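Please read the following points with the coordinates open beside them.

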Amino acid sequence: MEDLFKKFFYTGVGIASLTAEKLEEVVDELIGKGKVSKEEGKKIVDDFMDKVDVRKEEIESKIKDLAGNLTEGLNVPKFVSKEEFDALLKRLEAIEAKVGLATATEEKEVEKKPAAEKKSTKKS
């Protein structure tokens, strides 16, 4: 979900970047025609870029807040890291060993064996 918001945000940044390029082209034309001085043109572009930066930060903050509120409201579970997953797997295997069950790792190894080997292990 957050990835979708990031894509949306970066699309907006791309659009702002294209707009800034177009603005610079227009200002360059105005400077070329003598309707605006170089200093005025630079000020126009700089003011625009400052406003874009401020808006970018505001929008980024709002998107983060919205993503957080949305995931909380939908009760979306937090994704676990590889390290957290591995730690949970070790705990599960330790519990399974205590109660005498095959561990998840052992079951995967049995699944990978050819059918002939599976039959021989089941008979023993």
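Is Asp-86 buried, partly exposed or exposed? At 28% relative accessibility, Asp-86 counts as partly exposed, where buried means under 20% relative accessible area, exposed means over 50%, and partly exposed lies in between, with a 1.4 Å probe and protein chains only.

1. Basis of the note. The model is predicted, so that local features need pLDDT of at least 70 and side-chain atom pairs count only at pLDDT 80 or more, while totals for chains, interfaces and linings use all residues. Residues are numbered from 1 along each chain as its sequence is written, and side-chain values use heavy atoms, with hydrogens and water left out.

2. Overall fold. The protein chain has five helices and zero strands, and its elements run α-α-α-α-α from the N terminus on; helices (H or I, at least four residues) and strands (E, at least two) are DSSP runs, numbered from the N terminus. Of the 124 residues in the protein chain, 10% count as buried.

3. The structure holds five salt bridges, the term standing for a side-chain nitrogen of Lys or Arg within 4 Å of a carboxyl oxygen of Asp or Glu. One of them joins the side chains of Lys-82 and Asp-86 at 3.1 Å, N to O, and both residues lie in helix H3, four residues apart, about one turn of the helix. Lys-82 counts as exposed, at 56% relative accessibility.

4. Lys-42 is exposed, with a relative accessible area of 53%, whereas Asp-46 is partly exposed at 33%. Asp-47 and Lys-43 also form a salt bridge, at 3.0 Å, N to O, and this pair lies in helix H2 as well, four residues apart, about one turn of the helix. Asp-47 is partly exposed, with a relative accessible area of 32%.

5. Largest pocket. The volume of the largest pocket is about 250 Å³. On a 1 Å grid over the protein atoms alone, a pocket is an open set of points where a 1.4 Å probe fits, with protein on both sides within 12 Å along at least five of seven lines, and lining residues have an atom within 4 Å of a point. Of the 14 lining residues, Gly-12, Val-13, Ala-16, Val-52 and Lys-56 are the closest to the centre of the largest pocket, and the elements that give two or more residues to the lining are helix H1 (2-33) and helix H2 (38-73).

6. Nonpolar surface patch. Val-80, Phe-85 and Leu-88 form a nonpolar patch on the surface, with about 290 Å² of accessible area together; patches of this kind take residues with over 30% relative accessible area and no salt bridge, their nonpolar side chains being joined within 5 Å. Phe-85 has its place in helix H3 (residues 82-99) and is partly exposed, with a relative accessible area of 48%.

7. Loop between H1 and H2. Ser-37 lies in this loop and is partly exposed, at a relative accessible area of 29%. The C-alpha atoms of Ser-37 and Val-27, which are 10 residues apart along the chain, are separated by 9.4 Å.

Notes:
Grid points are joined across faces, edges and corners, and a volume is the space filled by probe spheres set on the points. Patches are made of residues with over 30% relative accessible area and no salt bridge: like charges are joined within 9 Å, nonpolar side chains (Val, Leu, Ile, Met, Phe, Trp, Tyr) within 5 Å. Accessible areas come from the Shrake-Rupley method with a 1.4 Å probe; for residues, only the protein chains shown count as cover.
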